Amino acid sequence: LDQTLTAISASIPVDLMPGADDPCNYLLPQQPFHRCLLPSTTCYANVGRVTNPHGFEMDGVSFMGTSGQNIDDVLRFVGHEDRVGAMAATLEWGHTAPTAPDTLPAFPFVDRDPFLVTECPHVYFVGNQPKLEVALMEGPEGQRTRLISLPSFAETQTAVLVNLQDLSCHPITFASSVGN
């Protein structure tokens with residue numbers, strides 16, 4: 001992974017967010033990967049070791065995302081598997097992790113809640129989901145958010161490119177014919 005990310009990060013910026021099964025803390029918000037896990041990759045200035053959840057802005061488009069634990073936990077308590085619907089609900093509720101700390105392990109916070117959604121993002125993505133799903137949500141004040149439920153890259157080798165002009169999504173799959 002370190003060699004692959006080093007090759008990629010030599011030409012494009014990369015943010016690396018931990019997930020549920022990664023070698024980092026278990027409680028949300030998960031802290032960034034330790035630098036020693038990816039020694040070559042983290043030498044590049046354009047590699048961000050980021051928390052989970054993570055928010056950022058690119059060319060005026062705001063992104064907010066998680067590695068999926070929040071949506072997986074919400075769906076434990078409802079009678080459906082509508083992952084995009086659960087994502088939309090967390091935005092409507094203004095909280096990315098509404099079940100934390102009761103059933104979703106999270107650090108206890110006294111003065112502030114890091115999971116509050118104070119501004120509606122243009123793109124809300126959630127990783128490690130069963131399949132790729134994309135939807136467009138419109139808020140009560142006309143704000144639009146592209147919802148992206150991303151499948152596990154380890155299982156599907158699929159990533160999604162987001163057009164920053166119109167928020168359209170374009171999946172790309174990295175496949176290898178080696179050994180076939």
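Predicted model: local features only at pLDDT ≥ 70, side-chain atom pairs only at ≥ 80, totals over all residues.
Trainee: At what angle do the ring planes of Phe56 and Phe63 lie?
Mentor: Phe63 is buried at 9% relative accessible area, whereas Phe56 is partly exposed at 25%. Their ring centres are 4.7 Å apart, and the pair counts as stacked because the angle between the planes is 5°.

Trainee: How many residues apart in sequence are the parts that the pair of Phe153 and Phe174 ties together?
Mentor: Phe153, itself partly exposed at 44% relative accessible area, forms an edge-to-face pair with Phe174, at 5.9 Å centre to centre and 65° between the planes. Helices (H or I, at least four residues) and strands (E, at least two) are DSSP runs, numbered from the N terminus. Phe153 lies in helix α4 and Phe174 in the segment after β9 (169-173), so the separation in sequence is 21 residues.

Trainee: Which element gives the most to the lining of the largest pocket?
Mentor: On a 1 Å grid over the protein atoms alone, a pocket is an open set of points where a 1.4 Å probe fits, with protein on both sides within 12 Å along at least five of seven lines, and lining residues have an atom within 4 Å of a point. The largest pocket is lined by 45 residues, and Val14, Asp15, Leu16, Phe153 and Ala159 lie nearest its centre. Elements giving two or more residues to this lining include α1 (2-9), β1 (14-16), α4 (153-156) and β8 (158-162). The top contributor, with five residues, is β8.

Trainee: Which element supplies the largest share of the lining of the second largest pocket?
Mentor: The second largest pocket has 19 lining residues, and those nearest its centre are His54, Gly55, Phe63, Met64 and Glu119. Both β3 and β4 supply at least two residues of that lining, but the largest share, four residues, comes from β3.

Trainee: How far apart in space are Phe33 and Val78, C-alpha to C-alpha?
Mentor: Phe33 lies in the loop between β1 and β2 (47-49), and it counts as buried because its relative accessibility is 9%. Beyond residues up to four places away in sequence, Phe33 touches Leu16, Met17, Pro18, Asp22, Pro23 and Arg49, where contact means heavy atoms within 4.5 Å. Val78 is 45 residues from Phe33 in sequence, and their C-alpha to C-alpha distance is 32 Å.

Trainee: With the side chain of which residue does the side chain of Thr90 make a polar contact?
Mentor: Thr90 lies in helix α3 (residues 83-93) and is buried, with a relative accessible area of 1%. A polar contact is a pair of N or O atoms within 3.5 Å, one able to donate a hydrogen and the other to accept it, and residues adjacent in sequence count only if both atoms are side-chain atoms. At 3.1 Å, the partner of the Thr90 side chain is the side chain of Tyr124.

Key
Residues numbered from 1 in each chain as written. Heavy atoms only, no water. Phe/Tyr/Trp six-rings, centres within 6.5 Å; stacked < 30°, edge-to-face > 60°. Buried < 20%, exposed > 50% of the residue type's maximum accessible area, 1.4 Å probe, protein only.
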